[in-house]
Amino acid sequence: MLKLHNTLTGKKTKFESIQKGKVKMYTCGPTVYDYAHIGNLCAYIHADTLRRHLIVSGYEVLHIVNITDVGHLTEDDLNQADSGEDKILKAALKEHKTSEEIANFYTERFFEDIKKLNITKASYYPRATAHVQQMIEIIKILLQKNLAYEKNGNVFYDVEKFSEYGKLSKKKIEDLKHGARLEKHPDKKHSYDFALWLKAPKNHILKWESPWSLGYPGWHIECSAMSMEYLGETLDIHTGGEDHIFPHHENEIAQSEGCTGKPFANFWFHNRFLLVDSQKMSKSKGNFYILEDVIKKGFTPMEFRMLVISSHYRSSLNFTWRGMKQAKKNLQKISRFVETLNNLKENNNISSENTDLSLDTYQKELFKAMDDDLNTPKALGLLFELISRSNEKISKKSLSKAQIEKLLSLWNKFNKIIGLEINTKNTEIPFEVLELAKKRQAARKDKDFKKADELRVLIEESGFEIEDNKDDFSLSAN
Ligand code: AMP
Ligand code: ZN
């Protein structure tokens, strides 16, 4: 029986779906104006673990992840009136591309990242720009219900009219009044009201016809529109990082519940933030990483996944290169173990006696830990304990064929939840090989192809194969 912490109730409670055996799950997806950073990817890995656990528990999961390909104006941007920048447009201007080109490029990069991380593909990835009409329909209802107001072609949500505002983030409107730092938008009644629709300034490229103005939607409305379109009025689970609790998810609730009069999401699953060297990631601090940075340091995406699941989703994960080295070791330990089991399985010359390994108890405890609000660190601790105990038996040649098969089946079942792709052949790339590959990349950059070829031979002689990508390379064991 799965128990999940629910941000809405602040408690860990038994998970029950609305429809028996089916789960409707929504995850706020990327704003595609840049590469996803490792914090974003950490949020998608946790959502994937949840989804995988639901599937292993027998549910069918309909999972929607939206692609934000317009806007994403924060209220801070907006409060500075027309100077608010659309991040996609800003990137388009900087890179001399159209916003569509920018959005398509970074959407593809996002798909590549999640594939590398073995994150299960969502059932559907709807794009915001294809759902503006649905957003307009919700805004019309909110206006009819007097939960929103229009002024000069801009529409805002009238937060005070939604009596349950603050129920997710536990914020009170009174506190928001005192918390307002910036000058409010001239058309807003209160600084804490938020935009549903904005009139486009003259030079704004992405804009749509609406009953109020030629304009574009506010940041939050797209998730209300797309979740309703694909999952209906009430979701089983909504996921995201803790930064989205307020204002984004609070505002999604106000919009959706204001519109339908029904609960928006029964369970709110929020992961804590990933920090780098105990600090918030930021480009200016030089501690901002994307997956490619991790790969360039000689780690694999799977090692990053290993690091993420080693910490509970409700604890903040401190990313360090030391931590990555430990994750590498841990993944190697698992890989070697599975490889040994596979080799032993083929070997007939092994014990026929069943020595005590308490495999049924381990299996029960592993799944019990996962059922307990996805306690991945506890489950991994049990797995490593089991590996050590089994390795001891293996060294004494006292594991039976039946136990080996049972261990493999236990691993395969557990791995359906934690989603590690393990390479049972030579997972470690030696430092010297990595250095050769880097030298070869530099030679290729200098168009010194003779030297690059010589280095390829050296890499191959060391038992590795090198594959060139656009500005990078990947190494694999021969
Ligand atoms: P965004 O593209 O900013 O909407 O973020 C995509 C997802 O990543 C959201 O669920 C965020 O809450 C989450 N997120 C952003 N930064 C971090 C971080 N440092 N650690 C964990 N999750 C994050
Ligand atoms: Zn959202």
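Helix α10 (residues 301-309) is mostly covered, with nine of its nine residues buried. Buried means under 20% relative accessible area, exposed over 50% and partly exposed in between, with a 1.4 Å probe and protein chains only. The buried residues of α10 are Pro301, Met302, Glu303, Phe304, Arg305, Met306, Leu307, Val308 and Ile309. Helices here are DSSP runs of H or I with at least four residues, strands are runs of E with at least two, and both are numbered from the N terminus.

This is a predicted model, in which local features need pLDDT of at least 70, side-chain atom pairs count only at pLDDT 80 or more, and totals for chains, interfaces and linings use all residues. Residues are numbered from 1 along each chain as its sequence is written, chains are lettered from A and ligands numbered from 1 in the order in which they are written, and side-chain values use heavy atoms, leaving out hydrogens and water.

**Zinc site**

Four residues coordinate the zinc ion (ligand 2): Cys28 through SG, Cys223 through SG, His248 through NE2 and Glu252 through OE. The distances run from 2.1 to 2.3 Å. Donors are N, O and S atoms within 2.8 Å of the metal (3.2 Å for Na, K and Ca); water is not among the atoms, so sites may look incomplete. Along the chain, the donors follow the spacing C-x194-C-x24-H-x3-E. Cys28 lies in the loop between β3 (22-27) and α1 (38-56), and Glu252 in helix α8 (residues 245-260), so the pair ties together parts that are 224 residues apart in sequence. Both Cys28 and Glu252 are buried.

Why is the arrangement around the zinc ion (ligand 2) irregular? The four donor atoms subtend angles of 76 to 133°. Four donors count as tetrahedral if all angles lie between 85 and 135 degrees; four count as square planar and six as octahedral if opposite donors are over 155 degrees apart and all others between 65 and 115; anything else is irregular.

**Helix packing**

| Helix pair | Angle between axes | Axis distance |
|---|---|---|
| α13 and α14 | about 160° | 13 Å |
| α5 and α7 | roughly 105° | within 9 Å |

Axes are lines fitted to C-alpha atoms, for helices over the stretch in contact, and angles run from 0 to 180 degrees between N-to-C directions. The α13 and α14 angle of about 160° makes α13 roughly antiparallel to α14. Helices α5 and α7 are roughly perpendicular to each other. Angles under 35 degrees count as roughly parallel, over 145 as roughly antiparallel, 65 to 115 as roughly perpendicular and the rest as oblique.

In α13, Ala379, Leu380, Leu383, Leu386 and Ser390 meet Leu407, Leu410, Trp411, Phe414 and Ile418 of α14. Contact means heavy atoms within 4.5 Å. On the α5 side of the other pair, Gln134, Met135, Ile138 and Ile139 make the contact. Their partners in α7 include Ile221, Glu222 and Met228.

**Backbone and a buried isoleucine**

Most residues other than glycine have a negative phi, and most peptide bonds are trans. The bond from Phe246 to Pro247 is cis, with omega near 5°. Pro247 is found in helix α8. Ser278 has a positive phi of about 65° and sits in the loop between β11 (274-276) and α9 (291-296). Lys397 also has a positive phi, about 50°. Lys397 lies in the loop between α13 (376-395) and α14 (401-418), and is exposed at a relative accessible area of 67%.

Ile88, in helix α3 (residues 87-95), is buried at 0% relative accessibility. Ile88 and Asp34 are 54 residues apart in sequence and 8.4 Å apart in space, C-alpha to C-alpha.
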